[in-house]
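I opened my notebook to look through this structure one place at a time. Here is what I looked up, in the order I went.

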4 protein chains.
Amino acid sequence: MTYNIAIIGASGYTGAELIRLISEHPALNITALAANSKAGLSMAQVFPHLRHLDLPTLIRWDEIDFSAIDLCFCALPHKTSQEVISQLPKGLKIVDLSADFRLRDPAAYEAWYGNPHAAPELQKEAVYGLTEFYRDDIRAARLVAGTGCNAATGQYVLRPLIAAGVIDLDHIILDMKCAVSGAGRALKENLLHAELSEGYHGYALGGTHRHQGEFEQEFSALAGKAVTIQFTPHLLPVNRGILCTSYVHGDAHVIYETLSAAYADEAFVQVLPFGEGPSTHHVRGSNHVHLGVVADRIGGRAIVIGALDNLTKGSSGQALQNANLMLDLDETLGLTMAPLFP
Amino acid sequence: MTYNIAIIGASGYTGAELIRLISEHPALNITALAANSKAGLSMAQVFPHLRHLDLPTLIRWDEIDFSAIDLCFCALPHKTSQEVISQLPKGLKIVDLSADFRLRDPAAYEAWYGNPHAAPELQKEAVYGLTEFYRDDIRAARLVAGTGCNAATGQYVLRPLIAAGVIDLDHIILDMKCAVSGAGRALKENLLHAELSEGYHGYALGGTHRHQGEFEQEFSALAGKAVTIQFTPHLLPVNRGILCTSYVHGDAHVIYETLSAAYADEAFVQVLPFGEGPSTHHVRGSNHVHLGVVADRIGGRAIVIGALDNLTKGSSGQALQNANLMLDLDETLGLTMAPLFP
Amino acid sequence: MTYNIAIIGASGYTGAELIRLISEHPALNITALAANSKAGLSMAQVFPHLRHLDLPTLIRWDEIDFSAIDLCFCALPHKTSQEVISQLPKGLKIVDLSADFRLRDPAAYEAWYGNPHAAPELQKEAVYGLTEFYRDDIRAARLVAGTGCNAATGQYVLRPLIAAGVIDLDHIILDMKCAVSGAGRALKENLLHAELSEGYHGYALGGTHRHQGEFEQEFSALAGKAVTIQFTPHLLPVNRGILCTSYVHGDAHVIYETLSAAYADEAFVQVLPFGEGPSTHHVRGSNHVHLGVVADRIGGRAIVIGALDNLTKGSSGQALQNANLMLDLDETLGLTMAPLFP
Amino acid sequence: MTYNIAIIGASGYTGAELIRLISEHPALNITALAANSKAGLSMAQVFPHLRHLDLPTLIRWDEIDFSAIDLCFCALPHKTSQEVISQLPKGLKIVDLSADFRLRDPAAYEAWYGNPHAAPELQKEAVYGLTEFYRDDIRAARLVAGTGCNAATGQYVLRPLIAAGVIDLDHIILDMKCAVSGAGRALKENLLHAELSEGYHGYALGGTHRHQGEFEQEFSALAGKAVTIQFTPHLLPVNRGILCTSYVHGDAHVIYETLSAAYADEAFVQVLPFGEGPSTHHVRGSNHVHLGVVADRIGGRAIVIGALDNLTKGSSGQALQNANLMLDLDETLGLTMAPLFP
């Protein structure tokens, strides 16, 4: 059985990454590709690395015949996404990769994004797309909200620890190092090669990054009380990969056992031997998460480090994993490729 | 039907790339991995990006039980390779990725590599592994010699043109730009990040690179007379990708038609629209070759540019494509993944 | 004696590079900085790496009091530059870094740039700014036109050879490799880190790059007849540096002697030992040019390679060297810093 | 007045950086360059970017005529350095760039470096080389011990805060991001371009990096009691630059005022406007330190970020600044160049 897939927002990096992954998927067929600003172009013109594939020409999203579509990925910028999705057929299965449906609370959405939500009823319906923790809900969902890439990385590190109550909730610091593709294909001076290459810096300092809202929503729900963490992202001169260095108070060995047990049956999450740390090199281009736990020389403190590819497990790979669940397919289809190294 | 595969020299980049590719191959099973200097280690220790795979522990090559092996990849340094292969079972199918069996003439081998060949009878038996041009011979071969990565790139550009007689053999210049992984995992000062990153330079200037020997062997055979070209490699601060800018005398449109016709039925060679040039970005991590033809403003001259990934189509992907042929499998198995971009 | 300097176009890379150099110059004082789009900002806001300097706030260029200015650098985009310079005081010494006054022939200008020149009388007055070859004219000039960065690199390689008649004018190929800062701080998709890093490609293929016009103007004047060359630029994932690999017909030793003699007394041009090639690593951030000559294995052919930093010797360093001459100062003032390596 | 300088260990990156800086110093003359493994070579052979300078040929260190030397820089690996320095003339002024004389306590040295100190009497004599905090001692010193590059970065962030008692000593975390040149020119697999480029990871996790010893020595002395911090370095794919993201408990505005006051008169330390963070881009190749203070959304917590160039302010620039003091010269001589950007 083959399912017909549409991708809205196919001219950005997450759209291209979806196509890369689906091109090796045995049960999905790309039926429609939309990108309003590049409608009429072939994918070979927009992304020459996909020229070997037989893909539909880009059209406007309202030109898609949704009656023929089994599932639609929406890879639009936030705010645009909610406007478009609210106009799509009500029964259509949708995986949204934007930020628009991640926060469940309309007030929290408005606080972090600066505008009232245009589709609050959809916001209520949406299931948070962190597969390993929302698997059953996702399987039953019509609309799944892909997580932030930083938010995913931090949650792989912390969720089992918060759920098990093995770390001090008042002392959680996430020092995040992020690749540039997370910012998308937007034309901004600070994303130019000459501005980024050969240097690095922090940004959204002091807890002002929007993914902070996701952390607080999810961690508070897990803990059963308000949890606030410290989260500082840094922009690095590489194209793919997030490394999250987490500083926590707790027993490192208990933390290690907790993480190992939590992910023992997961296909895409590997916990490294105790004392070792992961590298973004070793997950690049793959759907894998690597986690490492180290005891600090100060007793009762641990460093937990997570690494994943922001475009794959942090975005498009996660989206495909969720789509597999929504279509009742093997969750790993199209996602088993090994990382690219070097 | 599944075939059992051994890889000798599994601790280098081409060995790791073979494992990456074979991990997605439906009919090959990695039965033995050898690397004498790292025998006893797991692949997760040597290449942590492969830790999600269930792979045999590294052993010494003479510990392999070859009676259980259907085909062996040999990814050793040149000179070591001829010594090892001459001790392997005489009936074993072998794909060698080293330089040891590329040149058919023992005198040419000695001239380019500085030592007499230790296994001249194997040298005679070996088939040159440029798949698209030696397909039938490879299918029937026992020992296939993988080509040089630069040599492959230049030949995709030039072979059809020389065979068709549409360019002037006295005026062929290949200005080659090469990624650093082509030099392998060797500990050399000029391969350090601090020495390479943020700059570039030519090397093996004046026609002294060993792949020159391959060009001359192959082009002379095609032309039916001695052909000498100019070939200058440059080392670039990227990990994967070769770009070959070729300057030739001939009619650009005839050249374009000749290349288009030659590769019309090839799965892994794409000729771009006339006037466009390829980029290494668009083939990275894939088995594809992109070719572009442009007319120079000087009449009767053309620029033909080829791009491929040196570790995939230029080495391990080519090797797997040849192994597929030798095992009578679909030539594209394990090789259909799209490039990684960005 | 100190001279007062203005820089128009101070918010681009060449403007910032001028400030970097002048900050160490013993006889120049930056009196005014203009950038219309960023007027009112401090340089620390526009270029935080200059925050340690005591610099004037950015203003609009028409707010500059030119009566207090001894020499003005104009680092505007081409076309804008001619419009602005035509409105500046007629006696003001000006070094222009744009493309607007490089070509002496109005028809050639229009052919390469697509618009008629707005200030043809200034075009006639301007002196071409390749210091080592126009030194006396520059010393006497009021308006000096900085050369293209690729054009400078190619001319350091070829001018003495063409002047001496030691190479065949019908077979000159310049394969140029260029850093991304040459494209400036413009917001273009192809200049994003994610599009550039980890790959490379040719552009302006087939002799269509505008610096081709400079080559032809200058080489034809030197040769006393029309000279057309082949010139193919490539964009590399580094921020600074141009490497020009030149393929010529001629005796390599004669070429070497010709270059060595031509540059024997030059402070900023080093000819490497015969047979060695330069690297952009070794000139980065400096005003030096490194040149290497190698004999090809094909008799009568040579490879001549030049390397310089496009922002320094290829643009702002050249401009300062010319300003020193125009102000009757030691030509090397402010330009003697060593390259930055690694 | 000109002073004669020797550099022992001139073939490594810190040696080359010293030469780069001294080449623009008005009062220092390089009289001898030693590198035992490369004795007999010219500097142009070892570091081609220095070929424009007129430098002495490399010799063995015991060939130096120290009677003609006013001050000697020692840029050897640790352990070798103490052996060599103990054999140098007892009255010779020495700036050591190794780790050998940073720790004052022989037991601490042995604990962190694994061997008993070979010259404990010199260890006692040495002055710690963090210029801004040991200026008077350095001026009077015969032997100055250059600090670790990470140790310098962390101390610029924290020393004034600990001295003023404005942060909680039990909750200090330094998440450090380090460029690769800090590891020197050693041939190690993990320093190869193919292993480093395009990814990043932590190392020396859990407080095991040797610069931890420096932090604890210095901070405990300042606080008057034992201080232990958390310090995690990460290796980034760039050649120069350290960014230290420090998480502290304290009032952000008090912290800001404390740092601003501490560095108000320093030529090489800039405190950014409150709320802004520094970038390694903006200090590269310079002797400057940029510091930024941000309030976290959690009350009573602050993020303090420091950036410097590990080869300049973190090593060779610091060494030259100290040498200026020891020779009673203006402290900033040879160190005023602006950063290189882009």
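**Entry 1: a residue in chain D.** I began with D:Asp328, which sits in the segment after helix H11 (312-326) of chain D. The model is predicted, so I read every value here as computed from that prediction. Is D:Asp328 buried or exposed? I found a relative accessible area of 66%, and since exposed means over 50%, D:Asp328 counts as exposed. I also checked its backbone: phi of D:Asp328 is near 60°, a positive value in a residue other than glycine. I made a note of that because most residues other than glycine have a negative phi.

**Entry 2: another positive phi, in chain B.** I turned to B:Glu198 and read a phi near 75°, again positive and again not in a glycine. B:Glu198 belongs to the loop between helix H8 (193-196) and strand S9 (201-202) of chain B. Its relative accessibility is 6%, and the limit for buried is under 20%, so B:Glu198 goes down as buried.

**Entry 3: two cis peptide bonds.** Next I looked at omega. In chain A, the peptide bond from A:Phe341 to A:Pro342 is cis, with omega near -10°. I placed A:Pro342 in the segment after helix H11 (312-326) of chain A. In chain C, a cis peptide bond joins C:Phe341 and C:Pro342, and omega is about -5°. C:Pro342 lies in the segment after helix H11 (312-326) of chain C. I marked both bonds because most peptide bonds are trans.

**Entry 4: chain A against chain D.** How many residues of chain A are in contact with chain D? I noted 55 residues of chain A, meeting 55 residues of chain D. The two chains bury about 4300 Å² between them, and 55% of that is on carbon and sulfur atoms. Which residues of chain A lose the most area to chain D? They are A:Tyr200, A:Gln230 and A:Arg297, together 19% of what that side buries.

By class, the side of chain A that touches chain D has 24 nonpolar, 19 polar and twelve charged residues.

**Entry 5: how chains A and D are related.** I superposed chain A on chain D and got a rotation of 180° with 0.0 Å of shift along its axis, at an RMSD of 0.0 Å. The two copies are therefore related as by a two-fold rotation axis. The same surface serves both copies, since 100% of the contact residues of chain A recur in chain D.

**Entry 6: chain A against chain C.** Here I found 20 residues from chain A and 20 residues from chain C in the contact. Chain A and chain C bury about 1900 Å² between them, 48% of it on carbon and sulfur atoms. How many salt bridges cross the interface of chain A and chain C? I wrote down eight. In one salt bridge the side chains of A:Lys38 and C:Glu189 meet, at 3.5 Å from N to O. The count of residue pairs in polar contact between chain A and chain C is 14. Helix H8 (residues 193-196) of chain A gives the most to this side, with four residues. The side of chain A that touches chain C has ten nonpolar, three polar and seven charged residues.

Entry 7: I looked up A:Lys124 in helix H5 (residues 120-125) of chain A. At 70% relative accessibility, A:Lys124 counts as exposed. Its C-alpha atom is separated by 6.1 Å from that of A:Arg104, 20 residues apart along the chain.

My last stop was C:Arg159, in helix H7 (residues 149-164) of chain C. C:Arg159 is buried, with a relative accessible area of 6%. Leaving out residues up to four places away in sequence, C:Arg159 touches C:Leu130, C:Phe133, C:Tyr134, C:Glu218, C:Phe219 and C:Leu222.

How values were computed: Residues are numbered from 1 along each chain as its sequence is written. Chains are lettered from A and ligands numbered from 1 in the order in which they are written. This is a predicted model: local features need pLDDT of at least 70, side-chain atom pairs count only at pLDDT 80 or more; totals for chains, interfaces and linings use all residues. Side-chain values use heavy atoms; hydrogens and water are left out. Contact means heavy atoms within 4.5 Å. Buried area is the accessible area (1.4 Å probe) that two parts lose on being put together, summed over both. A salt bridge is a side-chain nitrogen of Lys or Arg within 4 Å of a carboxyl oxygen of Asp or Glu. A polar contact is a pair of N or O atoms within 3.5 Å; within protein, one must be able to donate a hydrogen and the other to accept it, and residues adjacent in sequence count only if both atoms are side-chain atoms. Helices (H or I, at least four residues) and strands (E, at least two) are DSSP runs, numbered from the N terminus. Ala, Val, Leu, Ile, Met, Phe, Trp, Tyr, Cys and Pro count as nonpolar, Asp, Glu, Lys and Arg as charged, and the others, Gly among them, as polar. Copies are superposed by least squares on the C-alpha atoms of residues with pLDDT of at least 70 in both. Buried means under 20% relative accessible area, exposed over 50%, partly exposed in between (1.4 Å probe, protein chains only).
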